[in-house]
Amino acid sequence: MTHPIRIAPSILASDFGNFGAECRAVEGAGADWIHVDVMDGHFVPNITFGPATCAAIRPHVKGVMDVHLMIAPVDPYIEAFANAGADIITAHIEAGPHIHRTLQAIRGAGKKAGLALNPGTGTDAVEHLIDMVDLICVMTVNPGFGGQKFIHSQIEKVRRLRAIIGDRPVHIEIDGGVTVETAPLVAAAGADVLVAGSAVFSGGSVDQPDIYARNIKAIRAAAEAARGDWA
Ligand code: DX5
Ligand code: ZN
């Protein structure tokens with residue numbers, strides 16, 4: 001299989017007082033990537049944390065640190081998040097007029113570049129950016145909060161994006177409302193990276209990482225069972 005399913009727990013749903021231990025626990029429980037949601041209270045109606053927190057988390061993450069920037073402007077902060085140890089830096093197409101420059105800057109900083117699309121954004125603009133990205137993040141909720149309901153209209157967007165991507169090595173990441181029920185729908189349509197906050201962390205804790213492992217395994221199994229021909 002050329003596109004294995006990757007599960008990326010979002011630490012937005014973890015214990016904010018214990019990020020280091022939460023990252024270690026969830027990686028030990030089978031997480032492929034750690035998804036880090038940066039919110040500014042301006043682009044989205046919620047505030048989380050910035051580059052200093054990402055840098056503090058970094059030593060606790062063995063694998064890929066996937067940093068999702070829900071901030072505007074983006075460009076003045078790319079260097080800081082690159083220095084904080086992000087492996088992937090994802091910016092929103094809606095965050096400013098110069099996403100092309102933003103993606104150039106992310107790759108220029110030696111990082112993999114992600115492009116995020118809000119639920120109301122179409123796929124047209126992606127065609128002009130496709131060769132500048134390593135990942136497209138399809139928001140299946142309106143960004144800002146964990147624990148929201150999956151927006152089903154985004155499944156068709158995933159299908160269109162997988163067709164646009166063709167045989168390029170570009171991930172399609174799904175962010176928002178991923179559960180055992182919704183994971184198969186997006187995996188069948190062309191997604192290979194599943195961000196999950198509530199569905200991974202609920203019921204578990206750093207002292208009960210077996211629950212994290214069970215949650216991750218269930219989402220992965222549901223997605224793998226539904227994969228389409230494209231995979
Ligand atoms: C939403 C964030 C998501 C969020 C997903 O703005 O980008 O990563 O944490 O949370 P769940 O999986 O709970 O919908
Ligand atoms: Zn996110």
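Strand E2 gives the largest share of the shell around ligand 1, three residues. Strands here (E, at least two residues) and helices (H or I, at least four) are DSSP runs, numbered from the N terminus. This is a predicted model, where local features need pLDDT of at least 70 and side-chain atom pairs count only at pLDDT 80 or more, while totals for chains, interfaces and linings use all residues. Residues are numbered from 1 along each chain as its sequence is written, chains are lettered from A and ligands numbered from 1 in the order in which they are written, and side-chain values use heavy atoms, with hydrogens and water left out.

So who sits around the ligand? The shell has 20 residues, and Asp37, Gly144, Asp175, Gly197 and Ser198 come nearest; a residue is near if one of its heavy atoms lies within 4 Å. By type, the shell splits into eight nonpolar, ten polar and two charged residues. In this sorting, Asp, Glu, Lys and Arg are charged, Ala, Val, Leu, Ile, Met, Phe, Trp, Tyr, Cys and Pro are nonpolar, and the others, Gly among them, are polar.

Now for the polar contacts (pairs of N or O atoms within 3.5 Å). A side-chain N or O atom of serine 198 is 2.4 Å from an oxygen atom of ligand 1. At glycine 144, a polar backbone atom is 2.8 Å from a ligand oxygen, and for a backbone N or O atom of glycine 147 the distance to an oxygen of ligand 1 is 2.8 Å. Ligand 1 alone exposes 380 Å², of which the protein buries 99% (Shrake-Rupley method, 1.4 Å probe).

Proline 73 is found in the loop between E3 and helix H3 (78-83).

Note on methods: A polar contact is a pair of N or O atoms within 3.5 Å; within protein, one must be able to donate a hydrogen and the other to accept it, and residues adjacent in sequence count only if both atoms are side-chain atoms.
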